[in-house]
Amino acid sequence: MITQICPKCKQDAFTWYVSEVLPNITVWSCNNCPLQIFEEDHDEEICENCNEKTKTLLRSQEEQFNWCSNCNSVTNYQLNE
C-alpha cells in the first residue's frame, strides 16, 4: 500500500483503509506514531496551498483538522473537548 506523510510525526508511514464496520468512513493510521483518525467519505475540497482537490477533514475523539494529501498541509486544527 502507498503511504503518505503523517500530518503529526511527518514520517512516510500514514496509510488508510475503508472501514467494514462504519459506513462511509475511511480510517487513517500512522505506523510510526499513535495517530488514528477518521475521514467521512465525501468530496474532497480544493487546497488553498497547492490548489489541488486533495484536502479533506480528518476527525478523532481528540482532534480534528483539514489535511491535504498532496502538499501535506494541515489547517483548521482543533482539539475536541
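Reader: What does Tyr-17 count as, judged by its relative accessibility?

Author: Tyr-17 counts as partly exposed, because its relative accessibility is 43%. The areas themselves come from the Shrake-Rupley method with a 1.4 Å probe, and for residues only the protein chains shown count as cover. Please note that the model is predicted: local features need pLDDT of at least 70, side-chain atom pairs count only at pLDDT 80 or more, and totals for chains, interfaces and linings use all residues. Residues are numbered from 1 along each chain as its sequence is written, and side-chain values use heavy atoms, with hydrogens and water left out.

Reader: Where is Tyr-17 found, and which residues make a nonpolar surface patch with Tyr-17?

Author: Tyr-17 is in strand 2, residues 12-18. Strands are DSSP runs of E with at least two residues, and helices are runs of H or I with at least four; both are numbered from the N terminus. A patch is built from residues with over 30% relative accessible area and no salt bridge; like charges are joined within 9 Å, and nonpolar side chains (Val, Leu, Ile, Met, Phe, Trp, Tyr) within 5 Å. In this case Met-1, Trp-16, Tyr-17 and Val-18 form a nonpolar surface patch of about 460 Å².

Reader: Which residues form the largest nonpolar core?

Author: In soluble globular proteins, nonpolar side chains tend to be buried together. A nonpolar core is a set of buried Ala, Val, Leu, Ile, Met, Phe, Trp, Tyr and Cys residues joined through side-chain atoms within 4.5 Å. Here the largest one has 11 residues: Cys-6, Ala-13, Phe-14, Trp-28, Cys-30, Cys-33, Leu-35, Ile-37, Leu-58, Phe-65 and Trp-67. At least two residues of this core come from each of strand 2, strand 3 (25-30) and strand 6 (63-68).

Reader: Which residues are in contact with Cys-6, neighbours within four places in sequence aside?

Author: Contact means heavy atoms within 4.5 Å. With those neighbours set aside, Cys-6 is in contact with Gln-11, Phe-14, Cys-30, Cys-33, Leu-35 and Asn-72.

Reader: Is Asn-72 buried or exposed?

Author: Asn-72 is buried, since its relative accessible area is 17%. Asn-72 is placed in the loop between strand 6 and strand 7 (74-79). Not counting residues up to four places away in sequence, Asn-72 touches Ile-5, Cys-6, Pro-7, Lys-10 and Trp-67. A polar contact is a pair of N or O atoms within 3.5 Å; within protein, one must be able to donate a hydrogen and the other to accept it, and residues adjacent in sequence count only if both atoms are side-chain atoms.

Reader: Where is Lys-10 found?

Author: Lys-10 is in the loop between strand 1 (4-5) and strand 2. Lys-10 is partly exposed, its relative accessible area being 46%. The side chain of Lys-10 reaches the backbone oxygen of Pro-7 at 3.0 Å. Lys-10 and Asn-72 are 62 residues apart along the chain, and 8.9 Å separates their C-alpha atoms.

Reader: How many salt bridges does the count come to?

Author: Side chains of opposite charge can pair when their charged atoms come close. The rule requires a side-chain nitrogen of Lys or Arg within 4 Å of a carboxyl oxygen of Asp or Glu. By this rule the count comes to 4 salt bridges. One of them pairs Glu-40 with Arg-59, with the closest N and O atoms 4.0 Å apart. That pair links distant parts of the chain, 19 residues apart: Glu-40 in strand 4 (residues 36-40) and Arg-59 in strand 5 (residues 55-59).

Reader: Which residues are linked in a network of salt bridges?

Author: The network links Glu-45, Glu-48 and Lys-55. Glu-48 and Lys-55 form a salt bridge whose closest N and O atoms are 3.0 Å apart. Glu-45 and Lys-55 meet in another, at 3.6 Å from N to O. Glu-45 lies in the loop between strand 4 and strand 5, and Lys-55 in strand 5, so this pair ties together parts 10 residues apart in sequence. Lys-55 is buried, with a relative accessible area of 7%, while Glu-48 is partly exposed at 46%.

How values were computed: Buried < 20%, exposed > 50% of the residue type's maximum accessible area, 1.4 Å probe, protein only.
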